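Let's take a walk through this protein model and see how a few of its pieces sit together. Have a look at the structure first, then read on.

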Amino acid sequence: MDLPFDIRIAQVWIFLSTWFMAEIFLFVAIRIANRFHLHDAPTEERKIHQTPTPTIGGIPVFCAFALGIILAQEGLDQMQPLLLGSFACMVLGLIDDLKPISAVVKLIILFIVT
């Protein structure tokens, strides 16, 4: 299926603007996490990072993703289930950051959301 040139340019524009928004939102989220000490410290055996890592990264990624879909303005009705599922996964990640949830429970919830 060969799309017209103007539609392909619009798709590239939406992709690049969503990527740019994600970069800006992540920069702001890292600043907020550093200011309010919202970090995941490498204290447990299963954690592989060496330095504290900001925990709120899912929020700006979801926001940029949702804004990219809204910018596209086409097929928003078909994308609503994807947005709702993505939102549920983001909330699950946020809850897990605040109060750790076992991997089995997270997996079950993700299967239900899917």
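Start with Thr55, which is buried, because its relative accessible area is 16% and the cut-off for buried is under 20%. Keep in mind as you look that this is a predicted model. Where do you find Thr55? It's in the loop between β2 (53-54) and α2 (58-72). If you skip its neighbours within four places in sequence, Thr55 is in contact with Leu38, His39, Asp40 and Asp97.

Now for the helices. Two packed helices are described by the angle between their axes and the distance between the axes. Here are two pairs to look at:

| Helix pair | Angle between axes | Distance between axes |
|---|---|---|
| α2 and α3 (residues 76-98) | about 175° | 10 Å |
| α3 and α4 | about 165° | 10 Å |

Take α2 and α3 to begin with. Their angle of about 175° makes α2 roughly antiparallel to α3. Which residues meet here? From α2 come Gly58, Ile59, Phe62, Phe65, Ala66 and Ile69, and on the α3 side you'll see Leu76, Met79, Leu82, Leu83, Ser86, Phe87, Met90 and Leu94. Sort the residues of this contact by type and you get 12 nonpolar, 2 polar and no charged.

Next up is the other pair. With an angle of about 165°, α3 is roughly antiparallel to α4. The crossing of α3 and α4 is right-handed. On the α3 side, Gly85, Ala88, Cys89, Leu92 and Asp96 take part, and they meet Lys106, Ile109, Leu110 and Val113 of α4. This time the residues split into 6 nonpolar, 1 polar and 2 charged.

How many salt bridges turn up in a search of the whole structure? The search finds 1. The side chains of Lys106 and Asp96 form a salt bridge, with 3.0 Å from N to O. Lys106 belongs to helix α4 (residues 103-113) and Asp96 to helix α3, so the pair ties together parts that are 10 residues apart in sequence.

Are these two partners buried or exposed? Asp96 is buried, with a relative accessible area of 17%. Lys106 is partly exposed, as its relative accessible area is 22%.

How values were computed. Residues numbered from 1 in each chain as written. Predicted model: local features only at pLDDT ≥ 70, side-chain atom pairs only at ≥ 80, totals over all residues. Heavy atoms only, no water. Helix = DSSP H or I, 4+ residues; strand = E, 2+ residues; numbered from the N terminus. Buried < 20%, exposed > 50% of the residue type's maximum accessible area, 1.4 Å probe, protein only. Contact = heavy atoms within 4.5 Å. Axes fitted to C-alpha atoms, helices over the stretch in contact; angles between N-to-C directions. Parallel < 35°, antiparallel > 145°, perpendicular 65-115°, else oblique. Nonpolar A, V, L, I, M, F, W, Y, C, P; charged D, E, K, R; others polar. Salt bridge = Lys/Arg side-chain N within 4 Å of Asp/Glu carboxyl O. Left-handed = near helix turned anticlockwise from the far one by under 90°.
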